[in-house]
Amino acid sequence: MAFSEGNLADHLGGLSYSEEQIELMDVATSFCRDKSPIDKVRKLIADERGYDPAVWQEIVDLGWLGIAVPEAQGGVGLSMAEVAPIAEQMGRRLLATPFATCTIAAQALLAAGDEAQCGEWLPRIVAGEVATLALTEPHGDWNLDHVEATAKASGDGYVLSGTKQFVTYAKDAALVIASVTVEGAVRLVLIERSAIPDGALRREIIIDETKRSYELTLDGITVPASALLDAGRSGTALGQIELASALLQAAEMCGGTQSAIDYTIEYLKTRKQFGKLIGEYQALKHPITNAYVGYEKARSHMLSAAHNFGQQGVGEIAVRMAKASADKAYSFAADRAVQFHGGFGFTHDCDAGLYRRSAIWHASQYGDAAWHRAKLADLLF
Amino acid sequence: MASRPTAAELAEYEAQADAWFRENTPKDPGFMLPLTFMEVSTDQQFEFLCAWQRKVYEAGYLGASWPVEYGGGGLHPDFQRIATKVMKKYDGPIMLNAIGIGWAGPLIMDIGSEEEKKKYIKGMLNAEDIWCQGFSEPENGSDLGNAQLKAVRDGDEYVLNGSKIWTSLGDRAKYMILLARTSNDGPNKYAGLSFFLSPMHAPGIETRRIKKLTGEYGFVQCFFTDARISAECLMGNEGDGWQIAMKTLEYERGAKVNLAGGYFLKELDAMGVVELARQSQRGGKPLLDDPVMKDRMVDFMMDIQALNLNNQRRRMGPLVQDRPMGLALMNKLARTEMIRELTEFSIGFQGTRGGYYVDDPCAVDNGYWHRSYLNSFSATIGGGTSEIQRNIIAEHVLGLPKGR
């Protein structure tokens, strides 16, 4: 018996792709492979900045920061659908840069910024200045509406207070977009790096050693009134930030899943025990096949999320399915990657650990599989 | 092949097909119809399904893209795809002669001789000649390459000795695609296998019905005792059997397009499961208020959607660059396992009524979900078990070494 192939498509969206998407996918595939070999990834783990400024500049020169930014603001004028395949290849090669956070920051500006704010910052982001987001707080809630940081009117501007966590690449950022409440309502506010004292940033020790993240103490930082994003659109903007982030994460996670599987397969094809390649044993062969099946399902969801992104209703369902599915696939593949490398898998030298830690990191930001399934339950039933 | 049709031609054809299926798709016949071609239990079911397939064929909506000289419609394959889509839309009974039109037919069209095409194709399409498949043996199920049924050449005939099992429609079929051993001398077990298009009505061939897990009948064990068939039944040459059988399994596993059209398995309506859950209660509240049940249901919806998307993606070259065959080869595994788990889950919704079975007046949907679950094993076992499917994916897609 088979289920009806088409009967869910109306509810959940289908699949297609654009020529631009495929071109970017092809370029990103070779770029990320060439620029981010695994020994370089490991070398950058020990580097304070955590990424290679020369590679960052190449990414800027390729125009990737402006893909989903309108041409009027210096961008390419495509959409998040075309960003996803790049993120996928970055995840595949563990190429860590502020690419994702800059892309999301630009989307936040587009969602709730006025003409002056967009006009000021979007061209700068496209040109490679780092912008990041400060949304989460010590309470650890994934719900982005749960904001305890505040902005209080003071003279011509606002004085901020509270603590933000997981502000990625904050140290290099020219702009931090933070969520605060103003008189009880959640607002987004632009904080220029120059307004942030060095002591307000603490580098966090995070599970994914390839990335950089900071805690930001807002207490005492002041911003002008013009730094607040539109009151009416801040709520929608948070929703869009969540979905755009989840999409890019799903893409990165798919890439990482692919590598975790490929890396493990190589080992199963070369390591011998009891006189046989261990890949001959079904106890290893079948679970890695299950991981591969999970990966392909997650990738289909991710490509559908990219294609349907921004579509009312269907887009949100597709994105949440993509993140939930990517989390499940990446966690399983990376977990088995550690196990199937045996004693070596337990060492810091084994790349399986990089993928396992990356999967945990992604699950911890913007919701894990269970969180997105709970959201889906409300959307579907 | 016929030339590519225009959108207008296809639209006109679709309108005709739509009108025909709306008018002719049978209503409830008053007795239970099989969900798949594998559980045709009664004469009543068999005759009803034969008549329906013949009617669809005569209307031109089956084999529409096969050549006219063999009994087909001679149209471009796009027309048949539309006919099949419309057939599905009206959710009529299955096409009965699955092994014929879905497996043996495409095989004969691919590699058969002119005589074979003339002799077999039309009878498959109009359901006059029912086909069955003789691959598995009692001692050789998953290890198909070790098949032992002997075929010994004797003049213009082969003499068959041995047994085949799990033969759907074996008691009603006129022909069998048969994998038999013509030699034990080859370099390996595969080299001695040969492929026959064998008659089923010959002295020395007997069948015995096997009752299934569901309580239904539908497949048999076949016994061959000094059965003689014409040497012309050999397909290709002696020793080609394994290659031809593998080609056939590609049709069965859905890795190749189904050229004749139609469907052989009744579709499970995923939204029907949601409906069932909505109607079910737990502790005086709707079942879907329970976050655990809801979460599992979401997981299934994601799985169903993933397979739906996989099926779209597998035809999109740029989106399957790294492992082009992966999605096609995992389809059977992923789909059949998902259906097994989903139908099992659906029984749990029913509370105490999960204890009823088919034909009890109080059974939910006349036991449809129980029957679907028990039947789901036919797909996770038949056509290569899920475990064999994992080996195939591991070896052919991921490049892992053979060896058990």
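Me: What share of the 404 residues of chain B counts as buried, and what makes a residue buried?

Reply: The share is 45% of the 404 residues. A residue is buried if 20 or more other C-beta atoms lie within 10 Å of its own; with 12 or fewer it is exposed, and in between it is partly exposed, the C-beta atoms being placed from the backbone. In chain A, buried residues make up 54% of the 381 residues.

Me: What kind of model is this, and which cut-offs apply?

Reply: It is a predicted model: local features need pLDDT of at least 70, side-chain atom pairs count only at pLDDT 80 or more, and totals for chains, interfaces and linings use all residues. Residues are numbered from 1 along each chain as its sequence is written, while chains are lettered from A and ligands numbered from 1 in the order in which they are written.

Me: How do you know what confidence the predictor has in chain B?

Reply: By pLDDT, the predictor's confidence in each residue, from 0 to 100. Its mean over chain B is 92, and 97% of the residues reach 70 or more. The model scores ipTM 0.92 and pTM 0.89.

Me: How many helices and strands does chain A have, and why is chain A called as compact as a globular protein of its length?

Reply: Chain A has 13 helices and twelve strands. Its radius of gyration is 21 Å, and the globule rule gives 21 Å for 381 residues, so chain A is as compact as a globular protein of that length. The radius is taken over C-alpha atoms, and the rule is 2.2 Å times the number of residues to the power 0.38. Helices (H or I, at least four residues) and strands (E, at least two) are DSSP runs, numbered from the N terminus. The C-alpha trace of chain A spans about 80 × 50 × 40 Å along its principal axes.

Me: How many helices and strands does chain B have, and why is chain B called as compact as a globular protein?

Reply: Chain B has eleven helices and eleven strands. Its radius of gyration is 22 Å, close to the 22 Å of the globule rule for 404 residues, so chain B too is as compact as a globular protein of that length. Its C-alpha atoms fill a box of roughly 75 × 50 × 50 Å along the principal axes.

Me: Why is A:Leu94 called buried?

Reply: A:Leu94 has 26 C-beta neighbours inside 10 Å, so it counts as buried. A:Leu94 sits in the loop between helix H5 (80–92) and helix H6 (99–112) of chain A. Its phi is near 50°, a positive value in a residue other than glycine. Most residues other than glycine have a negative phi.

Me: Why is A:Glu183 called exposed?

Reply: A:Glu183 has 10 C-beta neighbours inside 10 Å, so it counts as exposed. Its loop runs between strand E6 (173–182) and strand E7 (185–192) of chain A. A:Glu183 is not a glycine, but its phi is positive, about 50°.

Me: What makes E2 and E3 of chain B a pair?

Reply: Two strands pair if DSSP finds at least two bridges between them. Five bridges join strand E2 (residues 150–154) to strand E3 (residues 157–168) of chain B, which run antiparallel. B:Asp154 stands opposite B:Glu157 in E3(B). E2(B) and E3(B) form a hairpin with two residues between them, and B:Gly155 in the turn has a positive phi of about 65°.

Me: How many residues of each chain take part in the contact, and what makes two residues a contact?

Reply: Two residues are in contact if their C-beta atoms, placed from the backbone, lie within 7 Å. The contact takes 42 residues from chain A and 50 residues from chain B. On the side of chain A that touches chain B, H9(A) gives the largest share, 13 residues. That side of chain A divides into 23 nonpolar, eleven polar and eight charged residues. Ala, Val, Leu, Ile, Met, Phe, Trp, Tyr, Cys and Pro count as nonpolar, Asp, Glu, Lys and Arg as charged, and the others, Gly among them, as polar.

Me: Which domains does chain A have, and how many residues of domain 1 of chain A are in contact with domain 3 of chain A?

Reply: The bounds come from an automatic or database domain assignment. For chain A it gives domain 1 (9–130), domain 2 (133–232) and domain 3 (235–380). 25 residues of domain 1 of chain A are in contact with 32 residues of domain 3 of chain A. H5 and H6 of chain A each supply at least two residues of the domain 1 side. The largest share of that side, ten residues, comes from H5(A).
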